[in-house]
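Here is a short tour for someone meeting this structure for the first time. Have a look at the sequence and the 3D view, then read on.

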Amino acid sequence: MKRVAVLTSGGDAPGMNAAIRAVIRTGTSRGWEMFGVKLGYEGLINGKFVPLGARDVGGILNRGGTMLGSARSKEFMTEDGQRKAIRALNENATDALVVIGGNGSQAGAYALSKWGFPVVGIASTIDNDLAGSEMTIGVDTALNIALESIDRLKITASSHQRAFLIEVMGRGCGYLALMSAIAGGAEACVIPEVETNPEEVADILRKAYDKGKAHCIIVVAEGAKYNAQKLDDYFQEHHERLGFDLRVTILGHVQRGGEPSAFDRILASRLGAGATEALARGETGVLVGLLKSEVKTTPLEEVVNNKKKLDLALFELQRRLD
Ligand code: F6P
């Protein structure tokens, strides 16, 4: 390897900067010429390469977001867009590309590797729904942000004897919702993996009310069939079933904005270094992730063709602890 570029793609995740830093610094220490690509695959198509040295990535370890910017590129999903990206990589005489991102981004990385271009992916998404890594960069920080919000909402809920529906991110995956429900001591959790209808949630609320609880916290994943909005619509019509007065809080993008936790900084540093190690071994077309607490590679083909499963024993645990 002589010239290696790195990009961040899809939803930003706290710790992406730490991963960029690790890729650049471990690359330059091998004597490689390193580049960043601005704005993900969109920037790649448009040849937005910037040379990056070890000092250029100073001061970013503790910053959320991504210094390179990110995007969701529609054009890159097309064959024409991918050809343009390969052309841009060749015009910059790039030998390999490192892609930091989640499912969509790694599908893009796989597409480039199928065109014969050497790519290594780094597992990063707050959703934790990427096969090939038990934990992805950004999850821990997002989880802690959700948890802090739940703790705060519980306090005001108790003061007013209220119930709160708190919606957390995670697209089609209930990981963030379930873990924040366990860690936040929620009364219930509604996730896409387990269909829960509004009547069941109303029963949980009623039971909590009848037990004399001062609050009732329901954590809802945005991707659940009945998300916070749909549950609220139902409860507006059946208010008498709840006992509690109900409020809804949708956390949304606030979960993606924090400074990365120690766990995410360390994970990102390890995976970033793992990516350049893979390239140095001549291993490409793989995702670098954390498996059994170790930095491991998994073929991108396997990653994009497998769905990571949520451990439903944890859902049972949440129910038992309520
Ligand atoms: O994939 C990360 C994520 O934050 C999901 O949890 C969420 O569904 C989605 O991105 C939101 O995407 P956007 O930032 O494009 O609105």
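Let's start with S9, which sits in the loop between β1 (3-8) and α1 (16-28). Helices (H or I, at least four residues) and strands (E, at least two) are DSSP runs, numbered from the N terminus. This is a predicted model, where local features need pLDDT of at least 70 and side-chain atom pairs count only at pLDDT 80 or more, while totals for chains, interfaces and linings use all residues. Residues are numbered from 1 along each chain as its sequence is written, and side-chain values use heavy atoms, with hydrogens and water left out.

Is S9 buried or exposed? With a relative accessible area of 4%, S9 is buried (under 20% relative accessible area; exposed is over 50%, partly exposed in between, using a 1.4 Å probe and protein chains only). The side chains of S9 and S105 are joined by a polar contact of 2.8 Å (a pair of N or O atoms within 3.5 Å; within protein, one must be able to donate a hydrogen and the other to accept it, and residues adjacent in sequence count only if both atoms are side-chain atoms). Setting aside neighbours within four places in sequence, S9 is in contact (heavy atoms within 4.5 Å) with residues including M16, Y41, S70 and S105.

How many disulfides does the structure hold? The count is 0, a disulfide being a pair of cysteine sulfur atoms within 2.5 Å. For C189, the closest cysteine sulfur is in C173, 11 Å away, so that is too far for a bond. C216 is in no disulfide either, as its nearest cysteine sulfur, that of C189, is 12 Å away. C189 is buried at 4% relative accessibility, and C216 is buried at 0%.

## Around the ligand

A polar side-chain atom of R72 lies 2.8 Å from a ligand oxygen atom. For D127, an N or O atom in the side chain is 2.7 Å from an oxygen atom of the ligand, and for E222 the value is 2.5 Å. On its own the ligand exposes 390 Å², and the protein buries 76% of that (Shrake-Rupley method, 1.4 Å probe; for residues, only the protein chains shown count as cover).

## Helix α6

Helix α6 (residues 175-184) is mostly covered, with 8 of its 10 residues buried. Those buried residues pack against α5 (139-160), β6 (162-168), β7 (188-190), β8 (216-221) and α11 (312-321). Just after α6, G185 takes a positive phi of about 65°.
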